[in-house]
Amino acid sequence: MVQVDKLDTKLYNKCEDNFHMANKKALLLNMRNYYDALGQDVFDNLPVTFHIKNGLDDPEFTRFKAYYDQEDENIKNKKALKAKKKLMSPETSPKRPEENGEFYQSNAPMRNIWILKPGENTNCGNGIQVARDFNEIVEIVTESSKSNKRRTCIVQKYIHNPMLIHRRK
């Protein structure tokens, strides 16, 4: 009897000797340059990301704050609309996530969750934090800009409902 691996394709999350793809800051910069050259918005294909270099005074942090507030408002509006629809036509059974063979899409509720990553000298997930409270995000950004190493901060929107292949990102 021949043993066959369930996945015919091997998935790798590391690329050796490729700084420009493996480093979060370099990848963001290169992808921005690439999509700018194509005349497209990089965030049509990647999670919304902000590279904050100088703490709370950085113009990128101001852009992040505006986006965070807008996202918060959008989520509140969607929740209100969903509640209104539910009152008008209550469902008899809860919806199951869409599943079609190898693809899976959850129907988890949206939240304003952000992933904060140190911009330099880290790997293997060291220093990554997750937050959804704006004050907690301010604290993390302030701490990273005050420390004696003075690191930049990558602030990235959490994809709340990613498309999964074989239930993997």
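Thr-49 is found in strand S1. Strands (E, at least two residues) and helices (H or I, at least four) are DSSP runs, numbered from the N terminus. This is a predicted model, in which local features need pLDDT of at least 70, side-chain atom pairs count only at pLDDT 80 or more, and totals for chains, interfaces and linings use all residues. Residues are numbered from 1 along each chain as its sequence is written, and side-chain values use heavy atoms, without hydrogens or water.

Thr-49 is buried, at 5% relative accessible area. Buried means under 20%, exposed over 50%, partly exposed in between (1.4 Å probe, protein chains only). The Thr-49 side chain makes a polar contact with the side chain of Gln-156, at 3.1 Å. Such a contact is a pair of N or O atoms within 3.5 Å; within protein, one must be able to donate a hydrogen and the other to accept it, and residues adjacent in sequence count only if both atoms are side-chain atoms.

The sheet is open, with 4 antiparallel-paired strands in the order S1-S6-S4-S5. Pairing requires at least two DSSP bridges between two strands. S1 (49-52) and S5 (129-131) are the edge strands, each pairing on one side only. S4 (residues 114-118) and S5 run antiparallel, joined by 3 bridges. Trp-114 stands opposite Ala-131 in S5.

Contact means heavy atoms within 4.5 Å. Angles run from 0 to 180 degrees between N-to-C directions, with axes fitted to C-alpha atoms, for helices over the stretch in contact.

| Helix | Strands | Angle |
|---|---|---|
| H2 (residues 24-38) | touches S1, S4, S6 (153-157) | about 120° with S1 |
| H4 (residues 134-146) | lies across S1, S4, S5, S6 | about 145° to S5 |
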